[in-house]
Amino acid sequence: MTNIDERVDRRPEAETEDERASEQPAMAMIDEDIAPRGDETEAIEDASETGEPEVFTLPVLPLRGTVVFPLTVVPLAAAQPRSLRLIDDVMSGDRRVALVMQKDAELEGAGPDDVYTVGSIATIHQMMRVPDGSVRLAVQGIERMRIRDWVTEEPFLVARVEQAPETVEHTVEVEALTRNTLDLFQRLVSLVSHLPDELVTAALNVDDPRHLVYLVATNLRMEAEERQHLLELDSVRDKLVELNAFIAKELGVLELGKKIQSDVQEEVGKNQREFYLREQLKAIQRELGEGNETEAEATELRQKIEESGMPEEAVKEARRELDRLSKLPPAAAEYGVIKTYLDWLTSLPWNISTESEIDIANARQVLDEDHYDLEKIKDRILEYLAVRKLKLAMAAEDGESDAATPNHEPILCFVGPPGVGKTSLAQSIARALGRKVTRMSLGGVRDEAEIRGHRRTYVGAMPGRIVQAIRRAGANDPVFVLDEVDKLGNDWRGDPSSALLEVLDPEQNNTFRDHYLDVAFDLSKVMFIATANLLDTIPAALRDRMEILELSGYTDEDKVKIAQRYLIPKQMKAHGLAAESYDWTAEGLFFLIQHYTREAGVRNLEREVATVCRKIATRVAEGREVSSAVGPDEIRDYLGRPRFFYEERVRRTEQPGVAIGVGVTGVGGDIMFVEATRMPGKGSLTVTGQLGDVMRESATAALSFVRSRAGDLHLNPDFYRESDIHIHVPAGAIPKDGPSAGTAMTTALVSLLTGISVRDDVAMTGEITLRGQVLPVGGIKMKALAARRAGITTFVLPRRNEADLDEMPAELREEITFVLADTMDDVLAAAMPDEFHMARREPAPAIPESGSGPVREPVAAGR
């Protein structure tokens, strides 16, 4: 057997009333060196022979959380002065002491009422003092005893005790219980790693059933109360029965743990230790019938459903899915699908609004701070705010809540070329309204499920981008920007523009149903703002649901003011330059705008301003001298040679057969040169320049009109018999279509056939008929701005577009002469030079009889 001192050093000691006992006492094996002395054994045997218990007066040492059994050796530790005094007194005498366990292990200074009455008479075999003042003991239980009465409490507890030996039955049942105990203990030792195999050998060598009980019990992880109960049983048979039941229970737990360990190890593998531990914990909880993570998640989701404020339909659906979730194991495939669905439902802002009190004056100030001009759009936003403010005031007077007030948010669509501020204007509107803003780009979206979401039957299904954006915004009334709505596509996967019909209809979007959620979500509080470059590609049904507001572009004067107020301060700050140190002159900005940019917006202008700032910053960083004024010379020095020239139109219209038309593209208005030429042939017409069907038909109509008016235009009536006509619109890589080039094509043909060049300062737009009438077209303001950028001074447009002139800026009306045309005669009168009109005053040549009949004067079209 291991020496007692060594065991004290390497194993935790049981506590006296000073220190708590270790969870497992030292191994209880009796060595001959520390067996009871002869007089002690004789006293015990004498008491057994007389049949009357012997009474002793002994010091009583209370133990905290441990029990010392008879016939076992246990290490103890003591530190309190009362305990140390007791030990010193005992060591100077016969070394015998009565050991009893306290009822409350946390109690300091236990008294007679605080200890159990049944304990053990023990002998202190060894004592060792340690430097901290405490004492380490090795004690051996001799016999069970019972306290009869107390003698004194000071300086330590002393009591009169009597021996209480157990009743040992020599029966077959006791023999069977003894063997069963040995068998169970052998199995237990094989399953527990910290119990040495020598314990089994020691147990097999014990013949006394009582001794076996105490040997086995000392080495089991029993609660202190269970140890005390075992000690207090008077019959050895009862002790064996109790011990057998406890070992059997421990074996069941250990064998189950080993089975769980084996199952989990096969499932998760050797390298997944963390997952293995979690699974083991779950398996133990399942076997014990305790709560698990599934129940915690269900409770949390139930609380979120109650707090989400969702409508009754959504609450009913959420509870139904939650009931299904609570019945599924976490490993089920559908468990994650249902949990994700409930997470989406509970995270949506069903009743969270961010709109603040409406302040019209502040809203106007915000819009003016962020954007220059755009008065029409600003007025429309302020009108909406004013109406909403009055509606809320009226509802408050009637005692109605905001939710009860019918709410139809406007669906606005900003149409204009890039760089005019469509998207940034939407952000300013959100700031003016005090709402959050969210954005969704629709460019290239071809799948209808992008808008409405996927049904939950699909793997990896998610809500549509509408619902996702609403959740990101965290409010049910954000300003929702639908960017590039004109660039939606459609294919075999669906038509997303059709899916937007419900979203953008104020009469329907209060019950918008996403395919994934499958419950109604109210979008009526959302202010949708769509942006587009062109209206032509937007489906008619979708366009009908939106209020169209056009942003045609800026004049040069507008761009100068925008640069001075917004772009230059922004870029100077971004490049580490002090704005007040440099003076950007108006002449310099006009030079930059006219010779380095040609756009309707200000995006390229901002890039060029940023380039100038970088050049200045580089020179400043190098220590070179930099002019504080930024004028035309400095702009040319920083940006190099100009990129655009007005002289281009003069050079290209020098020869007959070229007219200047104006069209609208995705980047705003732009001029285009319509060229016509003739060559010997048989009267065919060729049209090139990647023109669409409508534009080709306009070319055919123009040629037919010129042929029908050949005599009036002083042309050879048979010009088409011996000539082929070719009409070309340069920039052939760019697709072109539309009827507005009809007047320019007709003018180019007339110029070609008469040999007289068209004026280089005249541009035109309008659709023609075979009778020479000029019909109205769209995009007049963008076309006029493009004509001005190109240096045009006369702009010919249909008379029925006269109302569009009201939207023209004052400086544009001052610089350009607008000619309203009813017929092609009006167009030619403005576009052709004087020599053409002088030639028309001469008598017209006679038409041969072989012709198609007399040419009748066209009826002038009225308004």
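Of the contacts in the protein chain between residues at least 6 apart in sequence, 74% link residues at least 24 apart. Keep in mind as you browse that this is a predicted model. The chain has 863 residues, and 49% of them are buried. Its secondary structure comes to 30 helices and 25 strands. The protein chain exposes about 41,600 Å², with carbon and sulfur atoms supplying 48% of that area.

**The nonpolar cores**

- The largest nonpolar core holds 52 residues, and those with the most contacts inside it are Phe 414, Ile 429, Trp 584, Val 612 and Ile 635.
- Helix H20 (residues 556-574) gives this core its largest share, 7 residues.
- Another core, of 51 residues, lies apart from it and includes Leu 301, Val 445, Phe 512 and Met 546.
- As general background, nonpolar side chains tend to be buried together in soluble globular proteins.

**Helix H23 and its surroundings**

- Helix H23 spans residues 632-639, and its buried residues are Ile 635, Tyr 638 and Leu 639. These three lie on the same side of H23, because they cover an arc of only 80° around the axis.
- The packing partners of the buried H23 residues are strand S15 (583-584), helix H21 (586-596), helix H22 (603-622) and strand S16 (629-630).
- Ile 635, one of the core residues named above, touches Trp 584, Gly 588, Phe 591, Leu 592, Tyr 596, Val 612, Val 630 and Gly 640, if residues up to four places away in sequence are not counted.
- Just after H23 comes Gly 640, which takes a positive phi of about 85°.

**How H21 meets H23**

- The axes of H21 and H23 are 8 Å apart, and the two helices pack at an angle of about 45°. The pair is therefore oblique.
- On the H21 side the meeting residues are Glu 587, Gly 588, Phe 591, Leu 592 and Tyr 596; on the H23 side they are Pro 632, Ile 635, Arg 636 and Leu 639.

**A loop residue to look at: Leu 523**

- Leu 523 sits in the loop between strand S12 (520-521) and strand S13 (527-532).
- Is Leu 523 buried or exposed? Leu 523 is buried, and its relative accessible area is 0%.
- Beyond its neighbours within four places in sequence, Leu 523 is in contact with Ile 466, Ile 470, Val 503, Asn 509, Asn 510, Phe 512 and Phe 528. Among these, Phe 512 also belongs to the core of 51 residues.

Conventions:
Residues numbered from 1 in each chain as written. Predicted model: local features only at pLDDT ≥ 70, side-chain atom pairs only at ≥ 80, totals over all residues. Heavy atoms only, no water. Buried < 20%, exposed > 50% of the residue type's maximum accessible area, 1.4 Å probe, protein only. Helix = DSSP H or I, 4+ residues; strand = E, 2+ residues; numbered from the N terminus. Arc of directions from axis to C-beta. Contact = heavy atoms within 4.5 Å. Core = buried A, V, L, I, M, F, W, Y, C linked by side-chain atoms within 4.5 Å. Areas by Shrake-Rupley, 256 points an atom, 1.4 Å probe, with all protein chains shown as cover. Axes fitted to C-alpha atoms, helices over the stretch in contact; angles between N-to-C directions. Parallel < 35°, antiparallel > 145°, perpendicular 65-115°, else oblique.
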